[in-house]
Amino acid sequence: MKASSDKMHDKYLDFTDAKPVSETPHLAKLQAETGGKSRITIRVDNDVLATFKARAEMIGGNYQTLMNDALKQFAQGLRLSDVVREAIHETWETCLTTRSTGRGKKLRAG
């Protein structure tokens with residue numbers, strides 16, 4: 001059965017007179033509560049998409065969330081080198097703190 005031949009489908013799924021979300025207070029509130037995300041269409045290179053999907057599968061996440069996070073970092077001016085530098089700095093501080101408090105194994109000079 002085709003959807004267009006189903007009278008119930010035609011009656012209940014006709015959105016031609018639907019108001020935009022911004023003009024429907026309940027939906028506008030719901031959209032604001034969910035983070036104000038927008039649905040878009042974007043074309044990306046196949047290898048880029050494959051990379052994000054593979055990373056998402058490795059960590060058990062969602063590739064769209066990873067892409068959103070990457071775009072957010074870019075928009076905030078963060079570069080990969082900044083992220084790596086911060087991670088190294090945090091790791092180094094942890095090592096120094098562990099060494100100075102006497103907890104953990106001592107580092108040997110190599």
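1. Just after helix H4, Gly 77 takes a positive phi of about 85°. Helices here are DSSP runs (H or I, at least four residues), numbered from the N terminus.

2. This is a predicted model, in which local features need pLDDT of at least 70 and side-chain atom pairs count only at pLDDT 80 or more, while totals for chains, interfaces and linings use all residues. Residues are numbered from 1 along each chain as its sequence is written, and side-chain values use heavy atoms, leaving out hydrogens and water.

3. H4 covers residues 63-75. Its end C-alpha atoms lie 18 Å apart, which agrees with the 18 Å that 13 residues should span at 1.5 Å a residue. The expected span is 1.5 Å times one less than the number of residues.

4. At the start of H4, a side-chain oxygen of Asn 62 comes within 2.6 Å of the backbone nitrogen of Gln 64.

5. Helix H3 is residues 46-59. From first C-alpha to last, its 14 residues reach 20 Å, close to the 20 Å expected.

6. The axes of H3 and H4 (lines fitted to C-alpha atoms over the stretch in contact, with angles from 0 to 180 degrees between N-to-C directions) come within 8 Å and cross at roughly 115°. That makes the two helices roughly perpendicular (65 to 115 degrees).

7. Contact means heavy atoms within 4.5 Å. H3 supplies Leu 49, Phe 52, Lys 53, Arg 55, Ala 56 and Ile 59; H4 supplies Tyr 63, Leu 66, Met 67 and Ala 70.

Conventions: Polar contact = N/O pair within 3.5 Å; in protein donor to acceptor, adjacent residues only side chain to side chain. Parallel < 35°, antiparallel > 145°, perpendicular 65-115°, else oblique.
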